[in-house]
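Please keep the sequence and the structure at hand while reading.

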Amino acid sequence: MSAYLGVGYKEMQDERQSRMAYSRVLQGNVGDFGHTHEDLDDRRIELHVIFTQVPGTLRALEEATTLAKDLNARVRLLVPQVVPYPLDLKSPPVLVEFNESRFLAMARAQSVETDVQIYLCRDAEALLIEKLSSPSIVIIGGLRRWWPTRETRLARKLRQKGHHVVFAELREAAHA
Amino acid sequence: MSAGRILVVDDDPQIRRVMRMTLTGEGYEVEDARSGEESEDKIRAERFDLILLDVNMPGMGGIEACKNIRANSEIPIIMLTVRNTEEDKVAALDAGADDFVTKPFGTPELLARIRAALRRAPLAPESDPQKLAWGDVEVDFGARTVRVRGTPTRLTPKEFDVLRYLVLRPNRAIPHRELLQAIWGPDYGDEVEYLRVFIKQLRRKLEPAPEKPVYILTEPWVGYRFQPPPSL
């Protein structure tokens, strides 16, 4: 029995590690943005924007920029890139370099300090729950419907984990 | 330095916009309110040197708003109206207005009347306390500085405004909507998550134990309340 448990635990550990094979932080937008030295010293908080879909993420970045200005915070765009099981975790269907340049362009368009963190993983939700230290300030953009959407479900899960989640609602016209 | 702080109270957004542009161009600091009710909130929260008040507004009209303001404050009030009858002028002046301008009016005339009203009433001393201290926290509202346990603590302008709004209304549960509209403006009201983030930051910076706040308390499903220690 104990041997069985031992094997199971090892498999779980392997599985846990295989959730994420790659993580890289890209300095998207660095500058003083009018901050004084005092501001920079005090700027400890980080706002996490989670990449969902392009329109929702742009809306979330917009909201995060407003908040970051009011809070002297910096923004980090978290991009969990899911690699399907048939593929090796280190060989995503979309080239990492392509995604990097795409997200860097998004980050550089912001008027506050913004960087990008890309993860290759099997399960985006599990990865976010594991990587975000509680309580974090998280901004998720998406459409709000009367039924739960992928974005509202993720927001609810993160709230349950103790994070402060700001849901940046995407207007229907902007999504279309 | 600004020539004075003016509150423009008018339900017409175009008039508010024009007034803001004109008065800002003349060196005044301008705030606006869409209704008599909103103007009362703003006057409670901030200090103004003069109020431009429209007579005809939905909800609380200008005359009633003027009476309410005059009951608590000596701020010069200039009433704006499209009506030019003797009764209207008498009603406005009896309600406590200092002057009366009929729309449409020329900008030079309005500016002259503002200058005259400000000359007659020298800038009033601030009615709100300049400094306040509780527990380990000292707040200087004039200098917009905060010290916690003797150490300067930096608050962002919005954090300071939220703190100021709460602290000047001790022991009162301030609804989310009221706080959002007072700090972020009339277009806000449903962004409760915003407030949570700012309150969390304030607690982190000011409370002895942020996870168990004793000064900035949450009123579940309502908003937030500033509870000063009993000695204050």
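## The interface between the chains

Between chain A and chain B an area of about 1500 Å² is buried, 53% of it given by carbon and sulfur atoms; buried area here is the accessible area (1.4 Å probe) that two parts lose on being put together, summed over both. The contact draws 18 residues from chain A and 14 residues from chain B, where contact means heavy atoms within 4.5 Å. This is a predicted model, in which local features need pLDDT of at least 70 and side-chain atom pairs count only at pLDDT 80 or more, while totals for chains, interfaces and linings use all residues. Residues are numbered from 1 along each chain as its sequence is written, chains are lettered from A and ligands numbered from 1 in the order in which they are written, and side-chain values use heavy atoms, with hydrogens and water left out.

One salt bridge is found across the interface of chain A and chain B, a salt bridge being a side-chain nitrogen of Lys or Arg within 4 Å of a carboxyl oxygen of Asp or Glu. The partners are A:Arg159 and B:Glu193, whose closest N and O atoms are 2.3 Å apart. Five residue pairs, both members at pLDDT 80 or more, are in polar contact between chain A and chain B; a polar contact is a pair of N or O atoms within 3.5 Å, where within protein one must be able to donate a hydrogen and the other to accept it, and residues adjacent in sequence count only if both atoms are side-chain atoms. On the side of chain A that touches chain B, at least two residues each come from helix H2 (37–42), helix H3 (54–71) and strand E6 (164–169) of chain A, with helices (H or I, at least four residues) and strands (E, at least two) taken as DSSP runs numbered from the N terminus. H3(A) gives the most to this side, with five residues. By class, the side of chain A that touches chain B holds eight nonpolar, three polar and seven charged residues, where Ala, Val, Leu, Ile, Met, Phe, Trp, Tyr, Cys and Pro count as nonpolar, Asp, Glu, Lys and Arg as charged, and the others, Gly among them, as polar.

## Helix H3 of chain A

The 18 residues of H3(A) should span 26 Å at 1.5 Å a residue, and the end C-alpha atoms are 25 Å apart, which agrees; the expected span is 1.5 Å times one less than the number of residues in the helix. After H3(A) comes A:Asn72, whose phi is positive, near 55°.

A:Arg59, which is found in helix H3 of chain A, is buried with a relative accessible area of 13%. A salt bridge joins A:Arg59 to A:Glu63, the closest N and O atoms being 2.8 Å apart, and the two residues, four apart in helix H3 of chain A, are separated by about one helical turn. Leaving aside neighbours within four places in sequence, A:Arg59 is in contact with A:Ala168, A:Glu169, A:Leu170 and A:Arg171.

## Salt bridges within the chains

Over all chains the count comes to 22 salt bridges. A:Arg74 pairs with A:Glu46, the closest N and O atoms being 2.4 Å apart, and this pair links distant parts of the chain, with A:Arg74 in strand E3 (residues 74–82) and A:Glu46 in strand E2 (residues 46–50) of chain A, 28 residues apart. A:Arg74 is buried, with a relative accessible area of 19%. A network of salt bridges links A:Glu46, A:Arg74, A:Arg76, A:Glu113 and A:Asp115.

In chain B, a salt bridge (2.9 Å, N to O) joins the side chains of B:Arg144 and B:Asp161. B:Arg144 lies in the loop between strand E7 (137–140) and strand E8 (145–148) of chain B and B:Asp161 in helix H6 (residues 157–167) of chain B, so the pair ties together parts that are 17 residues apart in sequence. B:Arg144 counts as partly exposed at 40% relative accessibility, and B:Asp161 counts as partly exposed at 25%.

Chain B contains eight helices and twelve strands, and 48% of its 232 residues count as buried. B:Thr102, in strand E5 (residues 99–102) of chain B, counts as partly exposed at 22% relative accessibility. The C-alpha atoms of B:Thr102 and B:Thr81 are separated by 5.1 Å, although these residues are 21 apart along the chain.

Terms used. Buried < 20%, exposed > 50% of the residue type's maximum accessible area, 1.4 Å probe, protein only.
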